[in-house]
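Trainee: I would like to go through this model with you. Can we take it question by question?

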Amino acid sequence: MNSGGIGVPLGFPLGPTSVIQVTNLSSAVTSEQMRTLFGFLGDIEELRLYPPDNAPLAFSSKVCYIKFREASSVGVAQHLTNTVFIDRALIVVPCAEDD
């Protein structure tokens, strides 16, 4: 992942990827909470939460991109789709890696 876009949500099959996109996140969620939740599924190489924890404006929803060290963690992470976290059901999808 680079400083630009991190990934593109996929609606079609692709080769192995180690990145997921988590949407429908509560505006109250923090990157540390996301790291704790998804860290149980595999080693996290990189995590980006948008907007970030220190954003000056309030947002109604957030999105998180997580890159695991192992691509096998992506399939496991998808099982958290529809899990209620804080006050919303998570949506977890694999993303193509943006080199």
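This is a predicted model: local features need pLDDT of at least 70, side-chain atom pairs count only at pLDDT 80 or more; totals for chains, interfaces and linings use all residues.

Trainee: Which pattern does the protein chain follow along the sequence?

Mentor: Helices (H or I, at least four residues) and strands (E, at least two) are DSSP runs, numbered from the N terminus. The protein chain has 2 helices and 7 strands. Read in order, the pattern is β-β-α-β-β-α-β-β-β.

Trainee: What percentage of the 99 residues counts as buried?

Mentor: Buried means under 20% relative accessible area, exposed over 50%, and partly exposed in between (1.4 Å probe, protein chains only). Of the 99 residues in the protein chain, the buried share is 36%.

Trainee: Among contacts between residues at least 6 apart in sequence, what share joins residues at least 24 apart?

Mentor: Contact means heavy atoms within 4.5 Å. Take the contacts in the protein chain between residues at least 6 apart; the share joining residues at least 24 apart is 71%.

Trainee: Where does Ser 27 lie, and which residues does Ser 27 contact beyond its neighbours within four places in sequence?

Mentor: Ser 27 sits in the loop between strand S2 (19-25) and helix H1 (31-39). Its relative accessible area is 36%, so Ser 27 is partly exposed. Leaving aside neighbours within four places in sequence, the contacts of Ser 27 are Phe 59, Ser 60, Ser 61 and Lys 62.

Trainee: Is Ser 73 buried or exposed?

Mentor: Ser 73 belongs to helix H2 (residues 72-77). Beyond neighbours within four places in sequence, Ser 73 contacts Leu 41, Gly 42 and Phe 68. With a relative accessible area of 5%, Ser 73 is buried.

Trainee: How many salt bridges does a search of the whole structure find?

Mentor: A salt bridge is a side-chain nitrogen of Lys or Arg within 4 Å of a carboxyl oxygen of Asp or Glu. One of them joins Arg 48 and Glu 46, with the closest N and O atoms 2.6 Å apart. A search of the whole structure finds 4.

Trainee: How far apart in sequence are the parts that Glu 45 and Lys 67 tie together?

Mentor: The side chains of Glu 45 and Lys 67 form a salt bridge at 3.6 Å, N to O. Glu 45 lies in strand S3 (residues 44-50) and Lys 67 in strand S4 (residues 62-68), so the parts tied together are apart in sequence by 22 residues.

Trainee: Which strand holds Glu 97, the salt-bridge partner of Lys 67?

Mentor: The closest N and O atoms of Glu 97 and Lys 67 are 3.4 Å apart. Lys 67 lies in strand S4, and the pair ties together parts 30 residues apart in sequence, because Glu 97 lies in strand S7 (residues 91-97).

Trainee: Which residues are linked in a network of salt bridges?

Mentor: Look at accessibility on the way. Lys 67 is buried at 11% relative accessibility, whereas Glu 45 is partly exposed at 41% and Glu 97 is partly exposed at 32%. The linked residues are Glu 45, Lys 67, Arg 69 and Glu 97.

Notes:
Residues are numbered from 1 along each chain as its sequence is written. Side-chain values use heavy atoms; hydrogens and water are left out.
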